Amino acid sequence: MNGSARINLSSASVLVVDDNMQAVELLCGVLDGFGMRKFKRAISFEEAKEACTETVFDLILTDAQMPGVDGYEFIRWLRRSSDEQVRLTPAIIVTAHTRRSQVTKARDCGANFIIAKPITPKIILERIIWVAQSTRLFVETETYIGPDRRFRKAAPPSEYGVGRRSGDAEAAANAEAAKAEVAAQSNQDDPSAEVQETTA
């Protein structure tokens with residue numbers, strides 16, 4: 001993680017949702033270690049829904065697999081809320097299942113990110129900072145509401161670095177090479193361009 005990425009989390013209000021209270025307390029303990037002090041705990045969709053109607057949260061962390069209404073459905077409900085502040089709340093899914101189908105499901109329900117269990121403080125903090133500093137657009141269509149999903153082929157947004165997919169490094173290198181080629185072509189077409197750039 002970038003050491004310069006510092007953020008004060010002491011005033012952040014967080015909703016933690018998991019049907020396992022031990023898991024809730026474990027996650028709250030990790031967040032407390034980051035300086036967070038305002039927690040609301042929920043062990044079901046109904047409790048989480050009620051909490052969202054009473055409080056505006058800065059972040060929601062929800063388990064994916066819960067009896068009845070799961071974390072994916074909870075985020076779908078969140079994204080379709082008539083309250084704009086509720087609808088725009090950043091949400092992260094925590095799950096023990098990270099098969100491609102589960103990751104796709106998390107993306108398509110409107111979650112900002114998915115974190116795999118067993119959780120590690122480093123990954124949680126990294127994702128929280130990503131959410132806090134993200135410039136991704138919020139998209140609302142008939143079939144999808146949530147952060148813009150359209151960055152797979154172009155690699156992750158610039159604030160996330162090169163990324164973790166096998167093709168991300170190559171995509172980033174190709175993008176840089178293409179930019180350099182365009183810049184070189186521009187300088188050939190306009191010899192004064194380089195001089196103007198260095199003297200500006």
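Residues count as buried when their relative accessible area is under 20%. The structure examined here is a predicted model. By that cut-off, three residues of helix H5 (residues 100-109) qualify: Gln102, Ala106 and Cys109 are buried. Viewed down the axis of H5, these buried residues fall within an arc of 75°, so they line one face of the helix. Just after H5 comes Gly110, which takes a positive phi of about 110°.

Helix H2 (residues 45-54) was examined in the same terms. Its buried residues are Phe45, Ala48, Ala51 and Cys52. Down the axis of H2, they fall within an arc of 125°, so these residues too line one face of their helix. Exposed residues lie on the other side of H2, namely Glu46, Thr53 and Glu54. Both strands and helices cover the buried residues of H2. Among the strands are S1 (13-17), S2 (38-42) and S3 (59-63). The helices include H3 (71-79) and H4 (84-87).

The loop between H3 and H4 holds Ser81. Is Ser81 buried or exposed? Its relative accessible area is 12%. The cut-off for a buried residue is under 20%, and Ser81 is therefore buried. Leaving aside residues up to four places away in sequence, Ser81 touches Val86 and Arg87.

A further packing arrangement involves helix H1 (residues 21-33) and helix H6 (residues 121-133). The axes of H1 and H6 come within 10 Å and cross at roughly 70°. Angles of 65 to 115 degrees count as roughly perpendicular. H1 is therefore roughly perpendicular to H6. The crossing of H1 past H6 is right-handed. From H1, the contact is made by Leu27, Val30 and Leu31. From H6, Pro121, Ile124 and Ile128 take part. What is the make-up of the contact of H1 with H6? Its residues divide into six nonpolar, no polar and no charged.

In outline, H2 and H5 each have buried residues along one face. Ser81 is a buried residue in the loop between H3 and H4. H1 and H6 cross at roughly 70°, with six nonpolar residues in their contact.

Key. Residues are numbered from 1 along each chain as its sequence is written. This is a predicted model: local features need pLDDT of at least 70, side-chain atom pairs count only at pLDDT 80 or more; totals for chains, interfaces and linings use all residues. Side-chain values use heavy atoms; hydrogens and water are left out. Buried means under 20% relative accessible area, exposed over 50%, partly exposed in between (1.4 Å probe, protein chains only). Helices (H or I, at least four residues) and strands (E, at least two) are DSSP runs, numbered from the N terminus. The arc is that of the directions from the helix axis to the C-beta atoms. Contact means heavy atoms within 4.5 Å. Axes are lines fitted to C-alpha atoms, for helices over the stretch in contact, and angles run from 0 to 180 degrees between N-to-C directions. Angles under 35 degrees count as roughly parallel, over 145 as roughly antiparallel, 65 to 115 as roughly perpendicular and the rest as oblique. A crossing is left-handed if the near helix is turned anticlockwise from the far one by less than a right angle, and right-handed if clockwise. Ala, Val, Leu, Ile, Met, Phe, Trp, Tyr, Cys and Pro count as nonpolar, Asp, Glu, Lys and Arg as charged, and the others, Gly among them, as polar.
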